[in-house]
Amino acid sequence: MFKFIKKLILFILVAFLVSCTFIIYQGHSMYKEVTSKQSVEKKVKNIKEYDNYISISEIPDTYKNATIAIEDHRFYSHGAIDIVTTARSFLENLKNKELSNGGSTITQQVARNMYFTQEKSFVRKVAELFVAVELEEKYSKDEILEMYLNIIYFGDGYTGLKQASYGYYRKAPSKLSLDEQTMLAGIPNAPSIYSPNVNPELAKKRQQKVLDAMVKYGYISKAEANNISNVEK
């Protein structure tokens, strides 16, 4: 009986390794295919030519901090992936028996928006990772964050922070209040749900999560968070 169990475990392990190898191979093939059609450098160049593209120097520090706190709080300390978050998400996916919890870093999200759809598959995730690694090799963290803030979707037809800032608040990002900045930072996670024009109550709850994350990771104090969340509309 013990020998049978040992052989079964060995078989499962080998099957798992073979499956992983095949998925990695397919993911790498997808990566090579998309980047052969248009290189990462050309994609980045095209992004920076967007009419509403703004440099990171034009983006308020509070907004950048809010985004990092809620989306990827170890952004400046990890590479293309965050091993801790990825491992946690992998376990959650196994538990739920579906690819529902992505655990994507900001760099991975840039890679996805550059080349891929939002389809959830392990092959696409691997291809996305290869692009993310290339981005981390060729661009600084600030450059990657700048791209991210210019290509993410904010709902209501607004892509990028500048469009969202003018669309929701009729002002440039540099003129946004702390309340407005932290509200906008929460939208990209689920634009159709957290758009303040669609679900103001859910948007406010999401903003509170942003503020809580900022407090947790030391960007603002609890008192500052309370002052922002209690702003009269």
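Reply: Start with a definition. A salt bridge needs a side-chain nitrogen of Lys or Arg within 4 Å of a carboxyl oxygen of Asp or Glu. Keep in mind that this is a predicted model.

Me: What makes Glu-49 and Lys-45 a salt bridge?
Reply: Their closest N and O atoms are 2.7 Å apart. The cut-off is 4 Å, so the pair qualifies. The structure holds 13 salt bridges.

Me: Why is Glu-49 called partly exposed?
Reply: Its relative accessibility is 48%. Buried means under 20% and exposed means over 50%, so Glu-49 falls in between.

Me: What makes Glu-128 and Arg-124 a salt bridge?
Reply: The N to O distance is 2.3 Å. That is within 4 Å, so the label applies. Side chains of opposite charge can pair when their charged atoms come close.

Me: Where do Glu-128 and Arg-124 lie, and how many residues apart are they?
Reply: Both are in helix α6, residues 122-138. They are 4 residues apart, about one turn of the helix. An α-helix has 3.6 residues a turn, so residues three or four places apart point the same way.

Me: Are Glu-128 and Arg-124 buried or exposed?
Reply: Glu-128 has a relative accessible area of 0%. Arg-124 has 5% relative accessibility. The limit for buried is under 20%, so Glu-128 is buried and Arg-124 is buried. Both also belong to a network of salt bridges that links Arg-112, Arg-124, Lys-125 and Glu-128.

Me: What makes Lys-141 and Glu-136 a salt bridge?
Reply: Their closest N and O atoms are 2.9 Å apart. The limit is 4 Å, so this pair passes. Lys-141 has 14% relative accessibility, which is under 20%, so Lys-141 counts as buried.

Me: Why does Phe-116 count as buried?
Reply: Its relative accessibility is 12%. The cut-off is under 20%, so Phe-116 is buried. Phe-116 is found in the loop between α5 (106-115) and α6.

Me: Leaving aside neighbours within four places in sequence, what is Phe-116 in contact with?
Reply: With those neighbours set aside, the contacts of Phe-116 include Met-30, Val-34, Arg-124, Glu-128 and Val-131. Phe-116 and Glu-128 are 12 residues apart along the chain, with 7.6 Å between their C-alpha atoms.

Me: How do you know that α3 and α9 cross?
Reply: The axes of α3 (residues 61-71) and α9 (residues 178-185) come within 9 Å and cross at roughly 30°. The crossing is right-handed. On the α3 side the contact is made by Thr-62, Tyr-63, Ala-66, Thr-67 and Ile-70. On the α9 side it is made by Leu-178, Gln-181, Thr-182, Leu-184 and Ala-185. These residues divide into 6 nonpolar, 4 polar and no charged.

Me: Which residues of α3 are buried, and what do they pack against?
Reply: Buried residues of α3 include Tyr-63, Ala-66, Thr-67 and Ile-68. The buried residues of α3 pack against α5, α7, α8 (161-169), α9 and α11 (200-216).

Me: Which residues have the most contacts inside the largest nonpolar core?
Reply: They are Leu-135, Phe-154 and Leu-184, in a core of 49 residues. Helix α7 (residues 141-151) gives the largest share, 6 residues. Not counting residues up to four places away in sequence, Leu-184 touches Tyr-63, Phe-154 and Tyr-168, among others. In soluble globular proteins, nonpolar side chains tend to be buried together.

Me: Why is Ile-228 called buried?
Reply: Its relative accessibility is 6%. Buried means under 20%, so Ile-228 qualifies. Ile-228 sits in helix α12 (residues 222-229). Beyond neighbours within four places in sequence, its contacts include Leu-178, Thr-182 and Leu-211.

Me: How many helices and strands does the whole chain have?
Reply: The protein chain has 12 helices and 0 strands. Of its 233 residues, 44% count as buried. The C-alpha trace spans about 70 × 40 × 30 Å along its principal axes.

Notes
Residues numbered from 1 in each chain as written. Predicted model: local features only at pLDDT ≥ 70, side-chain atom pairs only at ≥ 80, totals over all residues. Heavy atoms only, no water. Buried < 20%, exposed > 50% of the residue type's maximum accessible area, 1.4 Å probe, protein only. Helix = DSSP H or I, 4+ residues; strand = E, 2+ residues; numbered from the N terminus. Axes fitted to C-alpha atoms, helices over the stretch in contact; angles between N-to-C directions. Left-handed = near helix turned anticlockwise from the far one by under 90°. Contact = heavy atoms within 4.5 Å. Nonpolar A, V, L, I, M, F, W, Y, C, P; charged D, E, K, R; others polar. Core = buried A, V, L, I, M, F, W, Y, C linked by side-chain atoms within 4.5 Å.
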